[in-house]
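Hi,

Here is the structure I promised to pass on. Have a look at it first, and then read my notes below.

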Amino acid sequence: MARILMIAPENALLEALRSSPLLKGHSIDVASGEAAALRRLRRQAFDVLVSAPDTDLDEDGAILDEVRAIRPGVRIVLLAPHATPAELIDALRKRVFACFSAPFDGSEIADMVARAAEADEWKNGIEVVSATPEWIHVLVNCRLLSAERLVNFFTELRSDVPEAPLDNMMFAFREVLMNAMEHGGGFDPDQVVEVTAVRTARTMVFYLRDPGPGFDFSALAHAAVTRPDEPLAVAETRQAGGLRPGGFGLLITRQVVDEMIHSERGNEVLLIKHLA
């Protein structure tokens, strides 16, 4: 059982976490403010700390060092009424587990808190190589947890983009990232995927490079992207090869982004979404 401490949560959010089946069996306590939370942390160990939803990220960042001096292993989920790209980059550099800005979705936060409660060896999952609000370059290790955390940060980082194109682009990014981790890195946590995210005045761009040898599209009979009009044949090919059901992720990705370009080897991909 993990112990979760929430600082001055909104009633609706507290109820969402306490009623979430993902957090069943975990203990959720409440502190009235940051000072009270620090006192609780000194007296008792907690696995996850969720910040107050009405404090800015820079305010929360001011107590990060103190929290970690008391409880080095605590996973921190930051909530904020709004978040600037600079604040989010700083949180990612400081190895915050996840960030969310208002309006809050209780189910999304419960899902990430559940991941934090069960996480181990997560701190080095994402390394910021260089970052500005418009250009961020990271190395992410080939673990599902690292992928989900990176998708969370990039979604918040681009919260200025309208919901529909943002949702489409983040679906495409997650699908390509998971493919890179699975097929390029073999879900080996010692392997990393190189990711660059760029925001221009009119586009969102993602570049990914996986550590694998690449692939030949003509040899992907198990992927719907090469046989878009033969879904049953794709399913049969995957079943015969002992692969999990699916194979349609890249096909959907091609439909929701404006451009998807692979390198000659196939271990690099560029996703482009036009916003104007």
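Let's begin with the aromatic rings: this predicted model has four aromatic pairs. One of them is Phe154 with Phe206, a stacked pair with 5.7 Å from centre to centre and 25° between the planes. Phe154 belongs to helix α6 and Phe206 to strand β9 (residues 203–209), so this pair ties together parts that are 52 residues apart in sequence.

Phe206 also pairs with Phe173. Their ring centres are 4.3 Å apart and their planes are at 25°; planes under 30 degrees apart count as stacked, so this pair is stacked too. Since Phe173 is in helix α7 and Phe206 in strand β9, here the parts tied together are 33 residues apart in sequence.

Another ring to look at is Phe97: the charged end of Arg149 sits over it, 5.1 Å from the ring centre.

Two or more lining residues come from each of β5 (98–101), α5 (106–118), α6 (144–157) and α7 (163–184). By type, the lining divides into 11 nonpolar, five polar and eight charged residues.

Cheers

How values were computed:
Residues numbered from 1 in each chain as written. Predicted model: local features only at pLDDT ≥ 70, side-chain atom pairs only at ≥ 80, totals over all residues. Heavy atoms only, no water. Helix = DSSP H or I, 4+ residues; strand = E, 2+ residues; numbered from the N terminus. Nonpolar A, V, L, I, M, F, W, Y, C, P; charged D, E, K, R; others polar. Phe/Tyr/Trp six-rings, centres within 6.5 Å; stacked < 30°, edge-to-face > 60°. Lys NZ or Arg CZ within 6 Å of the ring centre and 35° of its normal.
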